[in-house]
Amino acid sequence: MSDSKNAGAAARPAGQVDDVVDLEAEFKASNIQEVLDKLDRELIGLKPIKTRIREIAALLLVDRLRKQFELTSVTPTLHMSFTGNPGTGKTTVAMRMGEILKRLGYVREGHLVTVTRDDLVGQYIGHTAPKTKEVIKKAMGGVLFIDEAYYLYKPENERDYGAESIEILLQVMENNRDDLVVILAGYKDKMDRFFQSNPGMRSRIAHHLDFPDYSADELMAISRLMLASQNYRFSPEGEKAFAEYIPLRMKLAHFANARSIRNALDRARLRQANRLFAGKSRKLTRLDLITLEPDDILVSRVFKEGQPDGEAG
C-alpha cells in the first residue's frame, strides 16, 4: 500500500473500516418477518399494499443499523393515508403496522387506537381540544387510526370545531413523530378533496396507500379463511352456491368487500343452525355441525329479490 493510502486509512474515523453489522441477523432478531407472514395469512391479495409495508419495514431496519454507526438523520416520517372502499383490509394493515413499528423500536407500545370525528370534535366551544388531546394521549406510543378523516373538515359550517382538532393533530404529527404514527383513512375521492383543502395535513403524510376492491375469486378465498377460523367449511355444493352468491352481491348497493362476505357467512351460519334444529330428532355428526350446505345460502334474498339480507353496509 502506498504512503498516501496508509495516511488516508489512518485519518479515517474509527469504526468505519472494519466494523460491520449483520443485516440478516438484525432482521431475524427483530421478528418482523413473523408480522409480515401474519399479514399474508390474514389478507388475500393486496400485493402493492404488502410490498409498501415491507419497504417501510426495510427503511426502519436500515435506519436502526445506521444509528449503530452514529449516522444521524431525521427520524423518518411515517404518517399515512389509507384510501379505499370499506372491507378492504385497512384496519388490519394498520394493526400490523403498529406491531412492526414496535418491534423495530419506532414506537413504545405499538397499539392501535381507532377513532372517528365524534371521538375528536366537540359540540361547543372549549370541548374539542380536551377531546382531541385525550385521544392523542391514549394513542401515544402506537398508531392513531382516524376513519373517514375527511369529516373532520366541514368548511360549509362556520360553527364547526373540526378545524381546531386538525390544528392540534398537525402539531402532534410534527413534534411527536418519533412515538406516534397517524393514519388517515376513507374513500379516495373524499380524501383527495380533504388534502386539497388542508395542505398542512398533506405535507405531513409520507405514505399514500390505495386499497383496491377484491375480485370475486379473492372474496371466495377470503370466505374460506373466515370459515376455517371459526371451524366451519362449505360442502362442495355449498361452495358452488356461495361462488354464485358473491358476484350477485357485488352488484348490489352497500357492498363492503370482505365485510359483506363476513355478514353473509354469519347469516349462512344462522340458517345452518336453524336447519339442524328443525331436524333435531336425528343424531348429528361433527361434519354436520361444521358444514354449510346450499340450503344455507340459496335462500338469500340476493338470489330471489336482488337485495342483500338486511345488510346495512
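A polar contact is a pair of N or O atoms within 3.5 Å; within protein, one atom must be able to donate a hydrogen and the other to accept it, and residues adjacent in sequence count only if both atoms are side-chain atoms. Helices (H or I, at least four residues) and strands (E, at least two) are DSSP runs, numbered from the N terminus. The model is predicted, and local features need pLDDT of at least 70, side-chain atom pairs count only at pLDDT 80 or more, while totals for chains, interfaces and linings use all residues. Residues are numbered from 1 along each chain as its sequence is written, and side-chain values use heavy atoms, with hydrogens and water left out.

Begin with helix 2, which covers residues 23-30. At its start, a side-chain oxygen of Asp-22 comes to within 3.1 Å of the backbone nitrogen of Glu-24. Just after helix 2, Asn-31 has a positive phi of about 60°.

Two packed helices are described by the angle between their axes and the distance between the axes. Axes are lines fitted to C-alpha atoms, for helices over the stretch in contact, and angles run from 0 to 180 degrees between N-to-C directions. The axes of helix 2 and helix 4 come within 11 Å and cross at roughly 115°. Contact means heavy atoms within 4.5 Å. Here Leu-23, Glu-26, Phe-27 and Ser-30 of helix 2 meet Leu-61, Arg-64, Leu-65 and Gln-68 of helix 4. By class, this contact has four nonpolar, two polar and two charged residues; Ala, Val, Leu, Ile, Met, Phe, Trp, Tyr, Cys and Pro count as nonpolar, Asp, Glu, Lys and Arg as charged, and the others, Gly among them, as polar.

The open sheet has five strands in the order 2-3-4-1-5, with parallel pairing; two strands pair if DSSP finds at least two bridges between them. Strand 2 (112-115) and strand 5 (207-211) are the edge strands, each pairing on one side only. On average, neighbouring strands of this sheet are turned by 20° against each other, direction ignored. Strand 2 is joined to strand 3 (residues 143-147) by four bridges, and Val-113 stands opposite Leu-144 in strand 3.

Ala-216, Leu-219, Met-220, Ser-223 and Arg-224 in helix 11 meet Glu-239, Phe-242, Ala-243, Ile-246 and Met-250 in helix 12. The residues of this contact divide into seven nonpolar, one polar and two charged.

Helix 12 (residues 236-250) also packs with helix 13 (residues 258-278), at about 135° and with the axes 11 Å apart. These helices are therefore oblique to each other. Helix 12 contributes Phe-242, Tyr-245, Ile-246 and Arg-249 to the contact, and helix 13 contributes Ser-260, Ile-261, Ala-264, Leu-265 and Arg-267.

How values were computed:
Parallel < 35°, antiparallel > 145°, perpendicular 65-115°, else oblique.
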